[in-house]
Amino acid sequence: MACTEVYSISSPKMEYVEGRCFSFINSSTSLKLWPMIRRTNSPIRRERKLGVSCSSPNTLSPLGSEEDASVVPSSHFLEDEFSHVTKFKMSDFKIRNRVSIDLGGRGDEIVFEAMVNDPHSPLYKTRVVLRQLISARAKRRGRRAIEVLKRLARRKLMYHSYSMQVHGYICSSMTDENSSFTLVLGHHGSSSLRHWLQRSDWLPTLEATLSLDQESVRRVGDDTIGGPAISRQLRLIRILMRDLLIGVNYVHSHGLAHTELRLENLHISPVDKHIKVGILGNAADFNEADTVDGTSYDNMDRRRMMIAFDMRCVGFIMAKMVLRELMDPTIFAKFKAFLTKGNDPSCLREFLLHAVKRKSSAGNFGIQILDRNWGAGWHLLSLLLAPKPLDRISCLNALRHPFLCGPKWRVSPSIDVIRWSLGSTTVRIAEEYIYGQQQRSRLAHFIELMEMLNPYPKPKHWLGAFPGKWRLLYCTGRHIGLTLRQPSVRVLIGEVYLTISKASTPKTTFSAASHISFTVMPSGDWPHDKSGVDGKLQVNTYFRLRAGRRLYLKEETDTSKFPSATPDAQASAVKRLSSKTWRKAIPVNEFPSSLSVAKLASTETEVTMSLDKPLSGNIEVAQKALQEVRTQIPPEMFDLSKIVCGTYLDSRLLVLRSVNGSALVLTRCTNDS
């Protein structure tokens, strides 16, 4: 745990005191300062100014040396620029002997907690934070924070509610670069948001700090207080995220981008129960001229890029609040690497199920929270972390997102949210692996709805999104895995992938490879012992992409070849789409007679199988094992030529139809998954 470096304050009785770092008691809330004072044999200099000049970031001067510092005339221009804040003296404060480790800043800053002891000051007996800035770069950040305050303080209510307050500064000289510069900040609790999340009892402690009551619940549109742990965490995350978004939007509305949004820069005030956005020392102005290699950019593009950068930081904050496993630096590094490699954030669930769930000590509450409301949390997170800056959601739209709106707030979902909800529900049902008649009918129903809402019906849209690695999730025509049958050879199916890549020529030709991993369990104790001989099955073929249409047969026509598109499923889809909830988004009165699809024309298929070691030297056992694999795996994955068209495609899901009408649902995954 990083601690704040605090230095001793010079005393008038000491002729020469050399500043040293204090040792501290290992505590999670505060540090006890023990001054380490060393007298030197050097001659004593009887000067009025006792401090050591700050010539470099590594040279630190005692904070109290400014109390007796000689006043150097400063520039009237700079004084006028800082006229909206108060200029203090060190004699106005009483320095406390403790400082919270969570108020620590950068390496070129020294943090003190103090009390205003000037009876003539309006802040008399108010607790403040003194942040002494050492390096030239730190001083520029401090002056920038004061400049930004002049713009934000116009709306005092918003400023006091959502921004860390800057009361003033301490500076002996505005023109001398070597003079120290100290910011006088409001004390909004001794802990940042990171400190709260790192506590083992963070949930009840933070609930008690925020004093969650009926008014707090009303702010997020919730209708419950307390309840299970997941509901409590979701309610608390909604409150914190909405407060954060309101504060960030307040900064953006004044033409500024924060550029340093992270957990360490967010504080929760126990007084007004609001999140305070940290110091705006690196705030960037939307309207400042920005040239790179002599090329100027439009102010609107600059504004969008800066807002997008802040929203990405908000996405990281949300991910850490929900998925507390990401507080581990090693896991968070994998999380950022996943995004840096260019992977689509919509596939985060597939990635985190492997990277986080197996090592989770928090009960996987975060994944369950994001799965709620038909996966609305994953949708918001993917919009905040979108790879293209212009695709990221804004603060106002995020505040209207279903994930941040409780059940008492009726939010009209967009067509994108509806598609996402259908896909998330399908994935959740398929992952339960309880394929009774009710589950199978629901899955067929949702697949029909997804196909009707296909965002990319034309083949030209598939050219860029179709390639990738897809994992087989569900098939409407075959139960994947072991059943109540009694086969002669027991085979446990592992993962089934379909890897699609572009061929060199022509552009509409793709190569498809089906990878099936399995384990042959020769032992009779297979229910308890899953060890055996590992094997792999690979099927290669080529597809040509063409435009086509999927025709729905009438009820009087023989529908035996299309078991998944039964009249019951169609009637259920029409009934759902014509309901009051869906009619606003999709005005559908009757089931369509046909849908545009991407037709897949395959060529010759090549099949190869390999085993780690021979199966008792008996070829018949290998044949029976291969037959069992073909029995458990949908025939379309073993013979890719049976796939005739693609009916749904988005950034994370793919639905393919076979020649007999069965639907294969595949989810996109990456090499990191």
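The model is predicted, so local features require pLDDT of at least 70 and side-chain atom pairs count only at pLDDT 80 or more, whereas totals for chains, interfaces and linings use all residues. Residues are numbered from 1 along each chain as its sequence is written, and side-chain values use heavy atoms, with hydrogens and water left out.

Begin with I239, which lies in helix α7 (residues 229-252); helices (H or I, at least four residues) and strands (E, at least two) are DSSP runs numbered from the N terminus. I239 counts as buried because its relative accessibility is 5%, where buried means under 20% relative accessible area with a 1.4 Å probe and protein chains only.

Next, select helix α10 (residues 348-355) with helix α11 (residues 365-384), whose axes come within 11 Å and cross at roughly 130°. Axes are lines fitted to C-alpha atoms, for helices over the stretch in contact, and angles run from 0 to 180 degrees between N-to-C directions. L348, R349, L352 and L353 of α10 make the contact with I367, D371, W378 and L381 of α11, contact meaning heavy atoms within 4.5 Å.

Finally, select helix α18 (residues 619-632), where A622, A625, E628, V629 and Q632 are buried. These residues lie on the same side of α18, because they cover an arc of only 120° around the axis, taken from the directions from the helix axis to the C-beta atoms. To see what covers them, display elements including β16 (490-502), β17 (509-521), β18 (533-551) and β20 (606-611).

Note on methods. Expected span 1.5 Å × (residues − 1). Buried < 20%, exposed > 50% of the residue type's maximum accessible area, 1.4 Å probe, protein only.
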